[in-house]
Amino acid sequence: MDRYARWNALLELLTDSGRVSVEDAAARLDVSQATIRRDFDQLAQQQMITRTRGGAVANGVSYDLPLRYKTAKHSAEKQRIGTAAAALVSPGMVVGLNGGTTTTEVARALAVRPDLNSSADGAQLTVVTNALNIANELLVRSRMKIVVAGGVVRPQSFELVGPLGGALLREVTLDVALLGVDAIDVQLGAAAHHEGEASMNNLMVARAKRVVIIADSSKLGGHAFARICPIERIETLVTDSGADPATVQSFRDAGVTVVCA
């Protein structure tokens, strides 16, 4: 297990229990206590946790982890979701993509589809994104047209937020917005932890003919701080096969098409 994967596991333990000892963490991750102490010290220096005598406790920030710490979480499910969401895209479309680990998998799935790089009538796929890592994934692996919204970079997600990007998004029209979220609920709609990200995502929703929410099953029925859009605006939800059947049915009852990958 590399350092980032180990840190991700430690942060998940703290999120679940609120507190964990060096001894318990070392046993769970099968590493030495000295390694765990170093990990705790480094995470505390980054203000991700609070160090205690013999262990650590969670900070509120652990619920909104930087993207590099999230990559190992539900990775297999996110790859399947990414492939299923990419299948909804046709050549010549204008597609909106926000940031996040699941939309990164969507971008990777789009990049390896040869039909999207060129078509018989010369139609080119256009991707509009406010995420620097998404733009990079597509730029180095495809011949698509990439449009990047401006703004201030949010280091946790590599997303650009703020009024500079909003000015561009208000001037484009999207065939479909493929949006990763921190939570989606039948009553509360789709939401993000950060209000700046939610605002940019809301602009994509406003400019899109179709809205597709991309979320692994751990996000279903959850709550987050800032709403992106109400459930009525969502056409399709792409999630994984581990989703609770009753929860899936509640979305379908609300008029949302659910794809379980």
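This report walks through selected parts of the structure shown above.

The model is predicted: local features need pLDDT of at least 70, side-chain atom pairs count only at pLDDT 80 or more, and totals for chains, interfaces and linings use all residues. Residues are numbered from 1 along each chain as its sequence is written, and side-chain values use heavy atoms, with hydrogens and water left out.

An unreviewed UniProt entry carries the annotation "domain: HTH deoR-type" for residues 3–58. UniProt positions follow the numbering used here, feature names are shortened, and annotations may be inferred rather than shown by experiment. Over residues 3–58, the chain is 64% helix and 20% strand. The end C-alpha atoms of this stretch are 18 Å apart. Helices (H or I, at least four residues) and strands (E, at least two) are DSSP runs, numbered from the N terminus.

Helix H1 spans residues 3–17, which makes 15 residues. From its first C-alpha to its last, H1 reaches 21 Å, close to the 21 Å expected at 1.5 Å a residue. The expected span is 1.5 Å times one less than the number of residues. Gly18 follows H1, and its phi is positive, near 85°.

Which residues of H1 are buried? They are Arg6, Trp7, Asn8, Ala9, Leu10, Leu11, Leu13 and Leu14. Buried means under 20% relative accessible area, exposed means over 50%, and partly exposed lies in between (1.4 Å probe, protein chains only).

Take Arg6, which lies in H1. Its relative accessible area is 12%, so Arg6 counts as buried. Setting aside neighbours within four places in sequence, Arg6 is in contact with Met1, Leu29, Val31, Thr35 and Asp39. Contact means heavy atoms within 4.5 Å.

Three strands form an open sheet in the order S1-S3-S2, with antiparallel pairing. Strand S1 (19–21) and strand S2 (49–52) are the edge strands, each pairing on one side only. On average, neighbouring strands of this sheet are turned by 25° against each other, direction ignored. Two strands pair if DSSP finds at least two bridges between them. Three bridges join S1 to strand S3 (residues 55–58). In one of them, Arg19 has Val57 in S3 as its bridge partner. Helix H2 (residues 22–29) packs on the sheet and touches S1, S2 and S3. The direction of H2 makes about 80° with that of S1. Axes are lines fitted to C-alpha atoms, for helices over the stretch in contact, and angles run from 0 to 180 degrees between N-to-C directions.

## A covered helix

Helix H6 (residues 101–111) is mostly covered, with ten of its eleven residues buried. Among them are Thr101, Thr102, Thr103, Thr104 and Glu105.

## A second sheet

Another open sheet has three strands in the order S10-S11-S13, again with antiparallel pairing. Strand S10 (183–185) and strand S13 (226–229) stand at the edges. Each has a single partner strand, so one side of each is left without a neighbour in the sheet. The twist averages 35° from one strand to the next.

Three bridges join S10 to strand S11 (residues 189–192). A hairpin of three residues links S10 to S11. Three bridges also join S11 to S13. Some bridge partners are listed here.

| Residue | Bridge partner | Strand of the partner |
|---|---|---|
| Ile184 | Ala190 | S11 |
| Asp185 | Gly189 | S11 |
| Ala190 | Cys229 | S13 |

Helix H10 (residues 195–207) lies across S11 and S13, running at about 10° to S13.

## Cysteines and a buried leucine

How many disulfides does the structure hold? It holds zero. A disulfide here is a pair of cysteine sulfur atoms within 2.5 Å. Cys229 is in no disulfide, and the nearest cysteine sulfur, that of Cys260, is 19 Å away. Cys229 is buried, with a relative accessible area of 2%. Cys260 counts as partly exposed, at 37% relative accessibility.

Leu237 sits in strand S14 (residues 236–239). At 1% relative accessibility, Leu237 counts as buried. The C-alpha atoms of Leu237 and Cys260 are separated by 8.4 Å, with the two residues 23 apart along the chain. Beyond neighbours within four places in sequence, the contacts of Leu237 include Ile184, Ile213, Ala215 and Phe251.
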